[in-house]
Amino acid sequence: MTQAFVVPTATVQQQQCVRLAARALARANLVHAYGHCSLRLDEKYFLVCAARPMGLIEPEDEGTVVCIDGELPPGVLGEVRIHQQIYRRRPQVCGVVRSMPRDVMTLSAAGITPEARHGMGSYFSPSVPFWDDVQLVRTEEQALGVAERLGDAAAVVMRGNGAVVVAESLEKAVALTWYLEDMARIELQLRCAGLASNDGILSHQQAQQRATSAGLIFERMWEYLIAGDAETSKASV
């Protein structure tokens, strides 16, 4: 007998979290007209932000509940298939960010992903996987390819097409997206100065020691990124 699943309704707090994340990513210049983020609701469903430029999402704009194993609802962007594929394969992932950070994009156009050379890069050691296809992800096959290329990593960079970052919460995924762009900034500046070398890359052991969540690391970055938002006073960090 096929088990029936009741489509959950996102709570006020979950809707608000997705809106805060979307606008925070926009204020940090990690997205522009394009990009989206989502929050897992349970083992079968997730909530994706409204299908509009993330910085323009208003307090009354609600996200859409999407079935992980079903068709995309009307009005949901085609690339949200990437979220579906990741949530299927990574049950511990509860937040996904699809972004277009400037320096990540620059490096990716040359087929390069940033190396773990500083503290914020340690969370992506030993490497950031690369999806070597410039096309928009509009099919199940493409979305599956991106998810498989991501594997167990925290992020995958897409050739000339931004990145996808995942974490155990949407708040952490937003913070890690900021870290990934800072990692790319360091990589690009060192390369431009002729200073990049393998000697400057953290060993995996060094990275594991540095990649801590103690000391409210991610909570403080989330607080910083949502500061000044119209809904901040109502937000639970």
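In what order do the seven strands of the open sheet stand? In this predicted model, where local features need pLDDT of at least 70 and side-chain atom pairs count only at pLDDT 80 or more, totals for chains, interfaces and linings use all residues. Residues are numbered from 1 along each chain as its sequence is written, and side-chain values use heavy atoms, with hydrogens and water left out.

The order across the open sheet is β3-β2-β1-β4-β7-β6-β5, and the pairing is mixed; two strands are taken to pair if DSSP finds at least two bridges between them. Strands β3 (64-67) and β5 (130-131) stand at the edges with a single partner strand each, so one side of each has no neighbour in the sheet. Strands of a sheet pair through backbone hydrogen bonds, either parallel or antiparallel. Strand β1 (residues 36-40) and strand β4 (residues 95-99) run antiparallel and are joined by four bridges, with Cys37 standing opposite Val97 in β4. Helix α5 (residues 170-192) packs on the sheet, where it touches β1, β4, β6 (155-158) and β7 (163-167), a contact being heavy atoms within 4.5 Å. The direction of helix α5 makes about 135 degrees with that of β7, on axes fitted as lines to C-alpha atoms, for helices over the stretch in contact, with angles running from 0 to 180 degrees between N-to-C directions.

The protein chain as a whole has seven helices and seven strands, which are DSSP runs numbered from the N terminus (helices H or I, at least four residues; strands E, at least two). Along the sequence they follow the pattern α-β-β-β-α-β-α-β-α-β-β-α-α-α. Among contacts between residues at least 6 apart in sequence, 70% join residues at least 24 apart.

The whole structure holds five aromatic pairs, counted where ring centres of Phe, Tyr and Trp (its six-membered ring) lie within 6.5 Å, with planes under 30 degrees apart called stacked, over 60 edge-to-face and the rest tilted. One of them, Tyr123 with Tyr179, is tilted, at 5.3 Å centre to centre and 35 degrees between the planes. Trp178 and Tyr179 form an edge-to-face pair, 6.5 Å centre to centre with 75 degrees between the planes. Tyr123, Trp178, Tyr179 and Phe218 form one aromatic cluster.
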